[in-house]
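Here is a short tour of one model, for someone who likes to check backbone angles and packing by eye. Have the viewer open and follow along.

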Amino acid sequence: MSLVRSVVLGVGGYLPEKTLTNAELSTMVDTSDEWITQRTGIKERHIAAKGELTSDLATAAARVALANAGVSIAEIDLIILATATPDNTFPASAVTVQEKLGMRHGAAFDIQAVCSGFVFALSQADAMIRSGQVKKVIVIGAETFSRIVDWTDRGTCVLFGDGAGAVVLSGEPQPGDTHDRGVHASRLRSDGHYKEMLYVDGGPSSTGTVGHLRMEGREVFKHAVGMITDVIEDVFATTGFSAADIDWFVPHQANMRIIDASAKKLGIESEKVIRTVSLHGNTSAASIPLALSVASADGRLKKGDLVLLESMGGGFTWGAILLRW
Ligand code: ACO
């Protein structure tokens, strides 16, 4: 039975020009390249320039994705921007992106699920496409975590970076079988019981300030692999696919040890894992679309490949999406 699925037509990424290496960080806080590399796999991260906003990063990534898709802004019905670091408390940074892209029609809004933001946004876009509300959507993950990191806290400041990634999604009729291109399943989870383990200690309704990121790293690490693999097993059970069918595993890029432990637990071969954390750091909601843009640009990710996305972040929030590229 033929059905409409949300197919990725194009992908793009943007990284700010300035990089910050582990060696440079070790002149700012009491840390070392060896400690950071061993615990996280991170070597460097990009940092937005003064005055360069989340909406600027998001707009740049969206332009690349539109060009890659061969789609004009006039064809887009909706922009969803996943971010935990918006330009302002309101309006949504998505409307600023809408304006910067010269789009006066359709709608734009933000989604806030921290590092799981892109998975939540893609799932939302897919639901709206399949319901017939919209046909073409730009889904963006963009962050400037450098603005909320406490640069005196070596336990967190070494982990994060800035960047943006975007995909253009389109509702396309498909035959309705396992070979269909597009999204096959998505699963979203959250549990606010864990909100104190990874949070920002400020906000408009609590302190009236922006605040800084606070994290109990060891606790996050302890829960991450179990939560990630649970939700993926759920996606496998729903679709009938298994780890052996996956061409590419594109996990949230928080920490090399979490990525490798998750792949191992799921039985996904190491060569099928896309890893960008060493050069990007943890870019929160931007990390998955950035990784997709890298794997697409270097020719690994090809039309027809079965791709598994996974994320876990503050809240906690976590989720997985299985799609055919
Ligand atoms: N350089 C040197 N030493 C450090 C640093 C640093 N940058 N940071 C902490 N240390 C020290 C600590 O002070 C501590 O010293 P002590 O034993 O003298 O007290 C020691 O290293 C061990 O600290 P832990 O926090 O226990 O180190 P751990 O092995 O747990 O590694 C890390 C810390 C890398 C943060 C790890 O817990 C981790 O990766 N957690 C997951 C974090 C994560 O991925 N978060 C993001 C996921 S969600 C999202 O993406 C928003």
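Ser-284 sits in the loop that runs between helix H9 (277-280) and H10. This is a predicted model, so keep that in mind when you look at the backbone here: phi of Ser-284 is near 55 degrees, a positive value in a residue other than glycine. Is Ser-284 buried or exposed? It's buried, with a relative accessible area of 1%.

Just past the end of H10, Gly-299 has a positive phi of about 90 degrees.

Val-114 is another non-glycine residue with positive phi, this one near 50 degrees. You'll find Val-114 in the loop between strand S5 (107-111) and helix H5 (117-130). Val-114 counts as buried because its relative accessible area is 19%, and the cut-off for buried is under 20%.

Now for the peptide bonds. Pro-91 belongs to the loop between strand S4 (78-82) and helix H4 (93-100). There's also a cis bond from Gly-315 to Phe-316, where omega is near -10 degrees. Phe-316 is placed in the loop that links strand S12 (306-313) and strand S13 (317-324).

Here are the backbone angles side by side.

| Site | Angle | Value |
|---|---|---|
| Gly-315 to Phe-316 | omega | near -10 degrees |
| Val-114 | phi | near 50 degrees |
| Ser-284 | phi | near 55 degrees |
| Gly-299 | phi | about 90 degrees |

On to the cysteines. How many disulfides are there? The count comes to zero. Take Cys-157: the nearest cysteine sulfur is that of Cys-115, 16 Å away, and Cys-157 is in no disulfide.

Val-158 lies in the loop between helix H6 (154-157) and strand S7 (162-174). With a relative accessible area of 0%, Val-158 is buried. What does Val-158 touch, leaving out residues up to four places away in sequence? The list is Leu-25, Thr-31, Ile-36, Ile-42 and Arg-45. Asn-88 is another story: 70 residues from Val-158 along the chain, with the two C-alpha atoms separated by 25 Å.

Last, a helix pair. Helix H7 (residues 217-239) and helix H8 (residues 256-266) pack at an angle of about 40 degrees, and their axes are 10 Å apart. That angle is why H7 and H8 are oblique to each other. The crossing of H7 past H8 is right-handed. On the H7 side, the contact is made by Phe-221, Ala-224, Val-225, Gly-226, Ile-228, Thr-229, Ile-232 and Glu-233. H8 brings Arg-257, Ile-258, Ala-261, Ser-262, Lys-265 and Leu-266 to that contact. Sorted by class, the contact of H7 with H8 has eight nonpolar, three polar and three charged residues.

How values were computed: Residues numbered from 1 in each chain as written. Predicted model: local features only at pLDDT ≥ 70, side-chain atom pairs only at ≥ 80, totals over all residues. Heavy atoms only, no water. Axes fitted to C-alpha atoms, helices over the stretch in contact; angles between N-to-C directions. Helix = DSSP H or I, 4+ residues; strand = E, 2+ residues; numbered from the N terminus. Parallel < 35°, antiparallel > 145°, perpendicular 65-115°, else oblique. Left-handed = near helix turned anticlockwise from the far one by under 90°. Contact = heavy atoms within 4.5 Å. Nonpolar A, V, L, I, M, F, W, Y, C, P; charged D, E, K, R; others polar. Disulfide = S-S within 2.5 Å. Buried < 20%, exposed > 50% of the residue type's maximum accessible area, 1.4 Å probe, protein only.
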